[in-house]
Amino acid sequence: MLAKDMNTVYNDTKSIISAKDVSVFYGEKRALKSVSLDIPENQITALIGPSGCGKSTFLRCLNRMNDTIENCRVEGNITVDGQDIYAPHVDEVLLRARVGMVFQKANPFPKSIYDNVAYAPRIHGLAKNKDELDDIVLASLEKAGLLDEVKDLLNESGTGLSGGQQQRLCIARALAVQPDIILMDEPCSALDPIATAKVEELIEELRKNYTIIIVTHSMQQAARISQKTAFFHLGEIVEIGETEQLFTSPNDKRTQGYITGRFG
Amino acid sequence: MSILPLIILLLAMCATGYWYGSKKALSAPLPVRYLSSGNPHQFGLFVVVWGVLPPAMLFILWLVFSFLPIDADGSIAQQIDKVVFPALIMLGAAAGLYMAIREINPKLRVRKSLERCVYAALLLASTLSVFTTVGIVLSLLFETIQFFEKVPYSEFFLALDWSPQTAMRADQVGSSGSFGAVPLFTGTMLITFIAMIVAVPLGLMSAIYMTEYASRRFRATVKPILEILAGIPTVVYGFFAALTVGVFFRDVGTAIGLDVVTESALAAGVVMGMMIIPFISSLSDDVIMAVPQNLRDASYGLGATKSETVLKVIIPAALPGIVGAILLAMSRAIGETMIVVMAAGFAANLTANPLEAVTTVTVQIVGLLVGDQEFDSAKTLAAFALALTLFVITLCLNVIALLVVRKYREKYD
Ligand SMILES: Nc1ncnc2c1ncn2[C@@H]1O[C@H](COP(=O)(O)OP(=O)(O)OP(=O)(O)O)[C@@H](O)[C@H]1O
Ligand SMILES: [Mg+2]
């Protein structure tokens, strides 16, 4: 298969996640068909493709968020750091602490900004006392590039921020769990260009310490920030490649159609 | 002439009017018809409305007149009733139909007039319930004022003794009753409190189970069953409280050496709690369902377990709505009568001990109004004072509940 061959070609850095023959069913409906993809460590991998092709579904497989959907079934093999995450002894709750997630629509809790960021550290007992918690919250906000804007508003409600600030708050909240991998499902789709630029800048910054997988509908965004791109179509991966190569000389007609169609 | 043939005749007239009106609208020349402001059906309805309106007006007028004390022996009323009224109604209907049919022409804006009729009917319906509420409050108010002319405020609101037996004749013994309502209100509070202790945790937990844990199939079958609880007549709950739960508590009490009367506040309160479980559970079910899915996703995505998500995200987010649900259920419990009549008795004890018999405001209202009484005796009037006080209390609770629920709505819109 083409997809697999491509994969091995670009396997020069160590891959932290590797998915093999992953199929996902919603009830009878098959949303992903034998998808295989390796995610390189400390790089940004972009997932692109037309609406409904299964990008979000694939992303949710990686931290087992699909478990929360009632009639969803996942087949195949996914390993994170060589460990099968669907093995019976794996606790999906701990997995989600390692593989954080940022959603398409900013979804801060209707709590204060501080409590939003402190939510996960409190649950996981990451801080021994209030000072440590303060440190984690401030450091996460700092990393998310939000600290300067909200320094004096830590006790204000998170839902009162602007859309872009809310999205960065959600990123800060995900960072506070101290994950290794961050999944982002169209994090900029509800944002204006300026807020988008800020979030993109932040994502590139985060790349030093985290592995990031981002779903996006914007070709430009994928081209700008990612190192590796996978093109999904109708539940399959049509093409995987280095971003630059995939956007300049795609191997598959469908890829070409999609990216040129978008550029007009 | 009795009312049934009259109505049938009216209907027949309207049907004819409809038929004729729509036919007349159709008979207009084609080009005009397409541009006209209504279709034949609407012209027909227009005629019918004009046929029904005059009789309806007359009927209301007649109702008002028959309440006015014009004639003493009722013979005039009977005359009007038998002859004049039907004739007038027929005349009115005929005149209305005739005028409407004559009015029909393609330029007539029937669509608009029909729309206005719908508007008026809806307005009437909605104001009627407001007027009813006002009427109820006013009727309570007048009797209550009368009551307080006989019994001082201080006695009613502060005295601790309730025995409303007043004498029918001056020479009877025990002629002056005492009207201290405090034991009644404490009784109501005690029973409501017990009911809430039962209903709030059970109702909330079942709502959480239904929304967050149960599979869709389980929810689809069990939720309706739970809501059946709300449809059981309160008398049946009363039986259950008096004959089953009360006796059970007494037996358990004797077994462990406690003195429990059969008609205890505990039995009534517990059964009342069961009665209001469905209120709390289905209202909180709705507000919990209204918590956006993406908040759950956010919590799970951060590695929270289900129970952590419920406790730290869902309940806080739904809390205002849940509080609203609890307050509504509480006003329901406060107003409940039948269970207490059957299971807690009539004894106005001032006690906080749930194992004793107590009585509530509503039960005493029933007690005051059944049996032969002069209508203006303090005993009868006391019922109105109690009812008004109770009404004010539940009204306050409802208003608070509404305010809380409204605030909650603003949050997620
Ligand atoms: N909870 C669900 N239940 C049933 N079917 C689902 C569910 N979620 C997704 N699907 C189906 O799975 C397929 C893939 O959906 P998915 O959300 O992964 O697409 P996507 O690539 O993320 O699309 P978009 O770009 O519009 O977000 C779609 O056909 C969709 O109808
Ligand atoms: Mg999606």
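This is a predicted model: local features need pLDDT of at least 70, side-chain atom pairs count only at pLDDT 80 or more; totals for chains, interfaces and linings use all residues.
Contact here means heavy atoms within 4.5 Å. Residues are numbered from 1 along each chain as its sequence is written, chains are lettered from A and ligands numbered from 1 in the order in which they are written, and side-chain values use heavy atoms, with hydrogens and water left out.

**Chain B overall**

- Chain B has 15 helices and two strands; helices (H or I, at least four residues) and strands (E, at least two) are DSSP runs, numbered from the N terminus.
- Of its 413 residues, 41% count as buried, where buried means under 20% relative accessible area, exposed over 50% and partly exposed in between (1.4 Å probe, protein chains only).

**Nonpolar cores**

- A nonpolar core is a set of buried Ala, Val, Leu, Ile, Met, Phe, Trp, Tyr and Cys residues joined through side-chain atoms within 4.5 Å.
- The largest one has 56 residues, and those with the most contacts inside it include Phe109(A), Tyr119(A), Ile191(B) and Ile276(B).
- At least two residues of this core come from each of several helices: H4 (113–124) in chain A, plus H7 (182–213), H9 (234–255), H10 (265–290), H11 (293–301), H12 (306–335) and H13 (338–343) in chain B.
- H10(B) gives the largest share of this core, 12 residues.
- Ile276(B) is in contact with Ala195(B), Met196(B), Ala199(B), Ala329(B), Arg332(B) and Ala333(B), leaving aside neighbours within four places in sequence.
- Another core, of 45 residues, lies apart from it, with Leu154(A), Leu191(A), Val238(A) and Ile259(A) among its members.

**A closer look at Ile259(A)**

- You'll find Ile259(A) in helix H11 (residues 253–263) of chain A.
- Ile259(A) counts as buried because its relative accessible area is 2%.
- Neighbours within four places in sequence aside, Ile259(A) is in contact with Ile48(A), Met219(A), Leu246(A), Phe247(A) and Pro250(A).
- Ile39(A) is 220 residues away along the chain from Ile259(A), and their C-alpha atoms are separated by 22 Å.

**The sheet in chain A**

- Four strands form an open sheet in the order E2-E1-E4-E5 (chain A), with antiparallel pairing; two strands pair if DSSP finds at least two bridges between them.
- E2 (29–40) and E5 (83–84) of chain A are the edge strands, each with a single partner strand, so one side of each has no neighbour in the sheet.
- E1(A) and E4(A) run antiparallel and are joined by eight bridges, and Val24(A) stands opposite Val74(A) in E4(A).
- E4 (residues 72–80) of chain A pairs with E5(A) over two bridges, again in the antiparallel sense.
- Within that pairing, Thr79(A) stands opposite Asp84(A), and Val80(A) has Gln83(A) as its bridge partner.
- The hairpin of E4(A) and E5(A) has two residues between the strands, and Asp81(A) takes a positive phi near 55° there.
- Helix H2 (residues 55–62) of chain A lies across E1 (15–26), E2 and E4 of chain A, running at about 120° to E1(A). Axes are lines fitted to C-alpha atoms, for helices over the stretch in contact, and angles run from 0 to 180 degrees between N-to-C directions.

**Helices in chain B**

- H1 (residues 3–26) and H3 (residues 40–67) of chain B pack at an angle of about 145°, with their axes 7 Å apart.
- On the H1(B) side, the contact residues include Leu10(B), Cys14(B), Gly17(B) and Tyr18(B), while those of H3(B) include Phe43(B), Gly44(B), Val47(B) and Val48(B).
- The residues of this contact of H1(B) with H3(B) divide into 12 nonpolar, six polar and no charged. Here Ala, Val, Leu, Ile, Met, Phe, Trp, Tyr, Cys and Pro count as nonpolar, Asp, Glu, Lys and Arg as charged, and the others, Gly among them, as polar.
- H11(B) is mostly covered, with seven of its nine residues buried, including Arg296(B) and Asp297(B).
- Just after H11(B), Gly303(B) takes a positive phi of about 85°.
- Thr389(B) sits in helix H15 (residues 378–412) of chain B and counts as buried because its relative accessibility is 17%.
- Not counting residues up to four places away in sequence, Thr389(B) touches Phe156(B), Phe157(B) and Phe185(B).
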